[in-house]
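Please keep the sequence and the model at hand while reading the numbered points.

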Amino acid sequence: MRRLGNTRRTVRTARRGGRAAAAVCGAALAVLTALPAQAHTPGPAAPRWDLKDTGATAVRFRGLAAVDRRTAWVAGTQGTVLRTADGGESWRDISPPGAADLQFRDIEAFDARRAVVLAIGEGEASRVYRTEDGGTTWTESFRNTDAHAFYDCMTFFDRRHGLAMSDPVDGKFRILSTDDGGRSWKVLPNEGMPAAQDGEAGFAASGQCLVASGAHDVWLATGGAARARVLHSSDRGRTWTAADTPIPAGDPARGVFALAFRDRAHGLAVGGDYRADQPSPLAAATTGDAGRTWRPAAAPPPAYRSGVAWLPHSRTAALAVGPTGTDLTTDAGRTWRTLDTGSYDTVDCTPDLGCWAAGEQGRVARLEG
C-alpha cells in the first residue's frame with residue numbers, strides 16, 4: 001500500500017521537483033480532464049495504464065507502495081514481494097524466506113531500501129516483516145498469537161510511528177502500534193475504541209482500510225455489518241469516533257473497502273459489494289470535515305472499487321480502481337467517469353506523478369502519457 005507521503009524525504013523531493021513536477025502533473029491532468037465520459041479506449045495522447053511485466057502471473061498483488069516514478073514495491077499471495085527501481089522495466093523477487101504460505105496484503109515503503117509488509121489471516125498467519133536493505137534480508141517483527149485476531153491493514157504517520165488494525169476482538173477493533181519504524185509492535189488499550197457492530201470487520205483488499213494523514217490523524221474503514229462506517233482518531237489510535245457512510249452494507253461482502261485523505265479534512269471512500277454478480281450502487285462517498293460526515297457521490301463508479309488515491313498536486317483529481325476498471329474524478333469525488341477497464345485492486349501515487357496500480361495475475365502498471 002502506501003508511500004509515506006509526509007516523510008522528510010518526500011518533502012525534500014517535492015521541493016526539489018518543484019516546477020518540473022507541477023508542470024508534468026498539470027499537463028497530465030489537463031489531458032485527463034479532457035477525456036470523454038466513457039474513455040474506455042483513450043487515444044495515444046491520453047494518459048493510460050502501461051502494464052509492466054512482473055513475471056508473476058500466478059500472484060495477486062493487493063499490497064502496493066509507490067516511492068516515485070522509478071521505484072515501487074508490491075506484495076501479494078504466495079508470500080511474494082517484488083521491487084522495481086527502473087520504472088517497472090525489471091523486477092527483483094525479494095520475498096521473505098519461508099513465507100510462501102502467507103498472503104501479503106499491505107506494504108509500506110520508506111524509500112528504495114526500507115519497507116514493512118503485513119501478512120493477513122487468523123492467528124499466527126497475521127505477521128509483520130521489515131527490511132532495511134531492499135529486501136535482501138527480512139526480520140519478522142510481529143507474529144499474532146491471539147486466535148481471535150485477524151490483521152487487515154497498516155499505515156505510517158512518518159518513518160517511526162505506524163499502526164496496524166485487526167478485526168474486532170472482544171467486541172472492538174484492535175490497534176497495533178509501533179514507534180520505531182516497525183521494528184517492534186504493541187497492542188494499544190481499547191478503552192477509546194467504540195464498540196463494533198455485529199459482523200463488522202475491515203477488508204484486506206488493497207491495504208487502504210487504514211490510512212493516515214499528517215502526524216496524528218488516522219481513519220479506519222469498515223463493512224460487513226448493518227452500516228458501513230469510518231472510524232477516525234486524531235491521537236494516533238488511542239481514541240476513536242465512528243461515523244456512518246452512505247455506502248451500502250448489511251452483508252459480509254459489502255462496505256467501505258478503501259480510503260484516501262489529501263489532508264486531515266478532505267477524504268474519499270470507495271467500496272461496494274465485491275461479488276462479481278452483485279451490483280454496487282453508491283460505491284463512493286466524500287467528506288470535508290475529517291470524516292465526521294459523509295456524502296454520497298452524485299455519480300459514483302459503476303461497480304465495486306477496492307482502491308483509491310488522490311493525484312499529486314491536485315485538490316480535485318483522484319483515481320479509483322477495482323476488478324472491472326479504473327475511474328477518474330476531477331471534482332473531489334462528487335462525480336466519477338471510467339478511464340480504463342483493466343483489473344486492478346490497489347493504486348498509489350507519488351509527488352512526481354508516479355501513479356502505480358496492481359492486482360490479479362501479477363498485474364502492475366504505471367500511468368503514462
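1. Basis of the model. The model is predicted: local features need pLDDT of at least 70 and side-chain atom pairs count only at pLDDT 80 or more, whereas totals for chains, interfaces and linings use all residues. Residues are numbered from 1 along each chain as its sequence is written, and side-chain values use heavy atoms, with hydrogens and water left out.

2. Strand β3. Strands here are DSSP runs of E with at least two residues, numbered from the N terminus. Strand β3 covers residues 72-76, and five of its five residues are buried (under 20% relative accessible area, with a 1.4 Å probe and protein chains only). On one side lie A72, V74 and G76, on the other W73 and A75, and both faces of the strand are covered.

3. Neighbours of β3. Two strands are taken to pair if DSSP finds at least two bridges between them. Strand β2 (residues 61-66) pairs with β3 in the antiparallel sense over five bridges, with A66 opposite A72. The hairpin that joins β2 to β3 runs through five residues. With strand β4 (residues 80-84), β3 again forms five bridges in the antiparallel sense, and here A75 stands opposite V81. Three residues lie between the strands in the hairpin of β3 and β4, where Q78 takes a positive phi near 60°.

4. The sheet from β14 to β17. An open sheet of four strands has the order β14-β15-β16-β17, with antiparallel pairing. Because β14 and β17 (241-244) stand at the edges with a single partner strand each, one side of each is left without a neighbour in the sheet. From one strand to the next the twist averages 25°, the axes being lines fitted to C-alpha atoms and the angles running from 0 to 180 degrees between N-to-C directions. β16 and β17 run antiparallel and are joined by four bridges; T241 in β17 is the bridge partner of H232.

5. The sheet from β22 to β25. Another open sheet of four strands is ordered β22-β23-β24-β25, and its pairing is antiparallel. Its edges are β22 (307-310) and β25 (337-340), each with a single partner strand, so one side of each is left without a neighbour in the sheet. The twist averages 30° from one strand to the next. Four bridges pair β22 with strand β23 (residues 318-322) in the antiparallel sense, and W310 has A318 in β23 as its bridge partner.

6. Nonpolar cores. A nonpolar core is a set of buried Ala, Val, Leu, Ile, Met, Phe, Trp, Tyr and Cys residues joined through side-chain atoms within 4.5 Å. The largest has 29 residues, and those with the most contacts inside it include M165, L220 and W294. At least two residues each come from β11 (162-169), β12 (172-178), β14 (210-213), β15 (217-221), β16 (229-233) and β18 (254-261). The largest share, four residues, is supplied by β15. A second, separate core of 16 residues includes W73, A115, A119 and W138.

7. A pocket. Which residues lie nearest the centre of the second largest pocket? They are R62, F257, Y274, R275 and Y304, among 26 lining residues. A pocket is an open set of points on a 1 Å grid over the protein atoms alone, where a 1.4 Å probe fits, with protein on both sides within 12 Å along at least five of seven lines; lining residues have an atom within 4 Å of a point.

Technical notes: Buried < 20%, exposed > 50% of the residue type's maximum accessible area, 1.4 Å probe, protein only.
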